[in-house]
Amino acid sequence: MANTILVIEDDADLQQLLKEYLAGFGYTVHSEGTPEAGLDTFKSLSPDLVILDVMLPGINGFEVCRRIRQDSQIPIIMLTARGDVMDRVAGLEIGADDYLPKPFEPRELVARIQSILRRSQHNMTSGKGEFGSLRIDYDGRAALLNGEDIGLTTNEFNALAVLARNSGKTFSRDDLMQELRGLDSESFNRSIDITMSRIRQKLGDDPKHPRYIKTIWGTGYVFIGQGSEDG
């Protein structure tokens, strides 16, 4: 079955370009030009991925992303004409999975879509991991702390799963970027730190006295949770 993508973008020409171009790669694309219509369609459509413009009329893309994240961990790629680093950081901090500045090559967008969907749908193997009070359900793509789902986004879950599946192995930021996005992107290197910070917050993990994720200064991160894998 073709993956369904919702595009929330107020530029009608770009809407049409994305609709036609992505259809050529087998995606079913729905598009909306306003944030209100986009949020309504998101609820009724249940797409596999959202492409979200930042500069929308009325409610900006950051707020739309925040509202989607209240109920869903679906992959979100944000687009913006403003290419500064703080915009990218802001988008990633509120739960976007990737960020692409305009203008962009449509083929690069397709590569990012394929990478995110592949990782969210197929990359993580089955089974469960038990690490004290932390349980990782790889099939259900959820992390539970003391039995409560901590609500990781797609990217956050993938990062935690990569580390936990390779407990004791140190990953550099570039290694993790490659694992998560399948792309080399030095400009997004800081997004790994943001992702780790958000995972730690949700795990209640103190970076100075970590139980699960330890920073290897100057290198990267390693999972140190004590427990076992099943599957």
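Which residue in S4 is the bridge partner of leucine 52? I'll come to that after a word on conventions.

This is a predicted model, where local features need pLDDT of at least 70, side-chain atom pairs count only at pLDDT 80 or more, and totals for chains, interfaces and linings use all residues. Residues are numbered from 1 along each chain as its sequence is written, and side-chain values use heavy atoms, with hydrogens and water left out.

Start with the parallel sheet. It is open, with five strands in the order S2-S1-S3-S4-S5. Helices (H or I, at least four residues) and strands (E, at least two) are DSSP runs numbered from the N terminus; two strands pair if DSSP finds at least two bridges between them. Strand S2 (28–32) and strand S5 (98–101) are at the edges with a single partner strand each, so one side of each has no neighbour in the sheet. From one strand to the next, the twist averages 20°. Angles run from 0 to 180 degrees between N-to-C directions, and axes are lines fitted to C-alpha atoms, for helices over the stretch in contact.

Back to the question: leucine 52 has methionine 78 as its bridge partner in S4. Strand S3 (residues 49–53) and strand S4 (residues 76–80) run parallel and are joined by four bridges.

Helix H1 (residues 12–23) packs on this sheet, touching strand S1 (4–8), S2 and S3, where contact means heavy atoms within 4.5 Å. The direction of H1 makes about 170° with that of S2. Helix H2 (residues 35–45) also touches S1, S2 and S3, at about 165° to S1.

Now the antiparallel sheet: open, three strands, order S10-S12-S11.
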